[in-house]
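Trainee: I have a new structure open. Can we go through it step by step?

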Amino acid sequence: ALVKEATEQVRDTTNELIFHHSRRVFLFGTLQSRRLGISPDAEMLYVAALFHDTGLVLPYRGTEQRFELDSADTARKFLIEHGYSAAETDVVWTAIALHTTPEVPYKMNPVIAATTAGVETDVLGIRLDAIEPDALRSVTTAHPRPNFKSEILQAFTNGFAERPATT
């Protein structure tokens, strides 16, 4: 039920770019977890992946703090509304808040590490060679990446426009 509601909320309130990227982050994070020998909680990883870039777009985008924090705050609110504990929400919050920080997340909870691994794979192609071609094809068939590089750069530009001091 949580995954279904998270999916509906993000699909209904963001755009195709953020939705498909976020789903790829979950799938790539799951695949990279196997390589890393970690077992993140799939539901918590899904929520972290799905909400990790929501702070780039309205209605989640603010002007006072980094987009990662707007995204993390949105996920925390979502989880609290669904009865999750402070400890569970803290893990997801941290995964999102640190998803653009290299190296550090890999020393933390598996959800945090897997979120960063998924982001690094989808955005930067890091450790893409560790994913089997059939799995990669399945992910990108389900969640295509047309013009991803240009569109994600534009999303960052738009997401930072009203808060340049936070970037």
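Trainee: How many helices and strands does the secondary structure of the protein come to?
Mentor: Remember that this is a predicted model. From the N terminus on, the elements run α-α-α-α-α-α-α-α. The count is 8 helices and 0 strands.

Trainee: What is the radius of gyration of the protein?
Mentor: The globule rule gives 15 Å for 167 residues. The model comes close to that, so it is as compact as a globular protein of that length. The radius of gyration is 15 Å.

Trainee: How far does helix α4 reach from its first C-alpha to its last?
Mentor: Helix α4 covers residues 67-81, which is 15 residues. At 1.5 Å a residue, 21 Å is expected. The reach is close to that: 21 Å.

Trainee: Which helices are included in what covers the buried residues of α4?
Mentor: Start with the residues themselves. The buried ones include Phe 67, Ala 75, Phe 78 and Leu 79. Their cover includes α1 (2-13), α3 (42-51), α5 (86-97) and α8 (148-160).

Trainee: Which residue takes a positive phi just after α4?
Mentor: Helix α4 ends at residue 81. Look just after it for a phi of about 80°. That residue is Gly 83.

Terms used. Residues numbered from 1 in each chain as written. Predicted model: local features only at pLDDT ≥ 70, side-chain atom pairs only at ≥ 80, totals over all residues. Heavy atoms only, no water. Helix = DSSP H or I, 4+ residues; strand = E, 2+ residues; numbered from the N terminus. Expected span 1.5 Å × (residues − 1). Buried < 20%, exposed > 50% of the residue type's maximum accessible area, 1.4 Å probe, protein only. Contact = heavy atoms within 4.5 Å. Rg over C-alpha atoms; globule rule 2.2 N^0.38 Å.
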